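Subject: Handover of a structure and notes on its contents

Dear colleague,

Please find the structure below, together with the sequence. My notes on it follow, and I would be grateful if you read them with the structure open.

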Amino acid sequence: MTSTRPHALDILCFGEPMFEFSWIEKDNIRPGIGGDVSNTAVAATRAGAKAGMLTHLGTDGFGDHILQLYSDEGIDASRVQRSEAAPTGLYFIEYGPNGHQFSYRRAGSAASQIGPDDLDQRMFDGVGVLHISGITQAISETACAASIRAAELARKAGARVAFDTNLRLNLWTAQQAVAAMEQILPLVDVVFPSIEDSEALFGLSDPEQICKRFLSFGVEMVVLTLAEKGAIVATEHGQHMIDAFPANLTDATGAGDTFDGAFLAEFSRSKNALDAARFACAAASLSVETVGAVASIPHYDAIQSRMQKGEIL
Ligand SMILES: Nc1ncnc2c1ncn2[C@@H]1O[C@H](COP(=O)(O)OP(=O)(O)O)[C@@H](O)[C@H]1O
Ligand SMILES: O=C(O)C(=O)C[C@H](O)[C@H](O)COP(=O)(O)O
């Protein structure tokens, strides 16, 4: 007998969405919505998967706009709670010669107050992949403990666990991040590090060494992103390079989040990691061509079109 699950999801993203203010130029600050795993939920949905968010938001207007985004995008928000006691997190993006810089107003936010007791086994019923990040761990000690609990409950429910290292040195130190990662990686199936994060975390810049280091934690698959060079998929059986698609670089905010969402969407469908990485490189190449995190996340048809043409549209 088969059972119908109430909220069957390909991908459940756990972390903090934030309301975004983007400094475009004087007198032009553009509102938006960001937060790494929230961007990943949008990317996975636009890439054709059924995705959901697990988080807490304040009862403020910022939280209303985030929920409106989830409703507009078709993202499952049945695991999003509103908190009377704490606000929704905010952040400000400025663009300079070295790319984008983030300033946060998120200490004490509703999402950062999530702890292990806020999670229960039923939240993971029918979930294919739980996606968490280093930012989910960094926002507070309780959220860090909740990340471990979420990974344990997800595995118990038969889900896979994905993790993006997303190191943010304005939230914690590299040493703190390594200590927290060492706890979660043994529960992780797919890890998404970047070259930049790997250098800061482990002092490693050689892709082969980085992949080996992450595999040594017992992770089944490493998907290392290499910015304009593409990505490497590594398992204990070997490493495969996937080239980036050429792109007109405008703003790389959210490229990694888009990559993760597109990868997980395609991997959920095809179960083929190399196809998923190629699809994700196509999606991420589109995302770097437009300013903003969410506005730049492409839909399935645009990703397919870039894959077929392999060129700038
Ligand atoms: N200039 C670029 N041209 C084409 N694709 C890019 C470019 N920059 C990033 N990408 C794509 O985005 C992915 C993630 O970028 P990366 O900078 O490695 O991650 P993060 O945003 O997490 O730092 C890369 O694997 C690549 O597919
Ligand atoms: O820093 C945080 O806490 C955020 O979540 C803000 C951003 O929305 C993502 O970080 C963008 O991530 P990238 O894909 O690495 O550009």
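A residue is taken to be near a molecule if one of its heavy atoms lies within 4 Å of it. In that sense, 14 residues surround ligand 1, and the closest are T225, A227, G230, G256 and A284. Please keep in mind throughout that the model is predicted.

Ligand 1

Which atoms of the protein approach the oxygen atoms of ligand 1? The side chain of T225 has an N or O atom 2.9 Å from an oxygen atom of ligand 1. For A227, a backbone N or O atom is 2.8 Å from an oxygen atom of the ligand. G230 likewise uses its backbone, with an N or O atom 2.9 Å from an oxygen atom of ligand 1. On its own, ligand 1 has 560 Å² of accessible area, and the protein covers 85% of it. Two elements give two or more residues to the shell around ligand 1, namely α8 (255-270) and α9 (273-287). By class, the shell of ligand 1 holds 9 nonpolar residues, 4 polar ones and 1 charged one.

Ligand 2

Around ligand 2 there are 19 residues, the closest being D36, Y104, R106, R168 and G254. The side chain of R106 places an N or O atom 2.6 Å from an oxygen atom of ligand 2. G254 contributes through its backbone, where a polar atom is 2.7 Å from an oxygen atom of ligand 2. Ligand 2 exposes 400 Å² when taken alone, and the protein buries 94% of that. The elements that supply two or more residues to the shell of ligand 2 are α1 (36-46), β7 (99-105) and α8. This shell is made up of 7 nonpolar, 8 polar and 4 charged residues.

How many residues does α8 have, and what distance does it reach? The helix has 16 residues and reaches 22 Å from its first C-alpha to its last, close to the 22 Å expected at 1.5 Å a residue. Is α8 mostly covered or mostly open? It is mostly covered, since 12 of its 16 residues are buried. Among the buried residues of α8 are D257, F259, F263 and F267. After α8 comes K271, which has a positive phi, near 60°.

T253 is found in the loop between β13 (238-243) and α8. Why is T253 counted as buried? Its relative accessibility is 4%, and a residue is called buried when this value is under 20%. The side chain of T253 also joins that of D251 in a polar contact of 2.6 Å.

The chain as a whole

The chain contains 10 helices and 13 strands. Its C-alpha trace spans about 55 × 45 × 45 Å along the principal axes. A compact globule of 313 residues would have a radius of gyration near 20 Å, and the 18 Å of this chain therefore agrees with such a globule. Of the 313 residues, 56% are buried.

With kind regards

How values were computed: Residues are numbered from 1 along each chain as its sequence is written. Chains are lettered from A and ligands numbered from 1 in the order in which they are written. This is a predicted model: local features need pLDDT of at least 70, side-chain atom pairs count only at pLDDT 80 or more; totals for chains, interfaces and linings use all residues. Side-chain values use heavy atoms; hydrogens and water are left out. A polar contact is a pair of N or O atoms within 3.5 Å; within protein, one must be able to donate a hydrogen and the other to accept it, and residues adjacent in sequence count only if both atoms are side-chain atoms. Accessible areas come from the Shrake-Rupley method with a 1.4 Å probe; for residues, only the protein chains shown count as cover. Helices (H or I, at least four residues) and strands (E, at least two) are DSSP runs, numbered from the N terminus. Ala, Val, Leu, Ile, Met, Phe, Trp, Tyr, Cys and Pro count as nonpolar, Asp, Glu, Lys and Arg as charged, and the others, Gly among them, as polar. The expected span of a helix is 1.5 Å times one less than its number of residues. Buried means under 20% relative accessible area, exposed over 50%, partly exposed in between (1.4 Å probe, protein chains only). The radius of gyration is taken over C-alpha atoms; the globule rule is 2.2 Å times the number of residues to the power 0.38.
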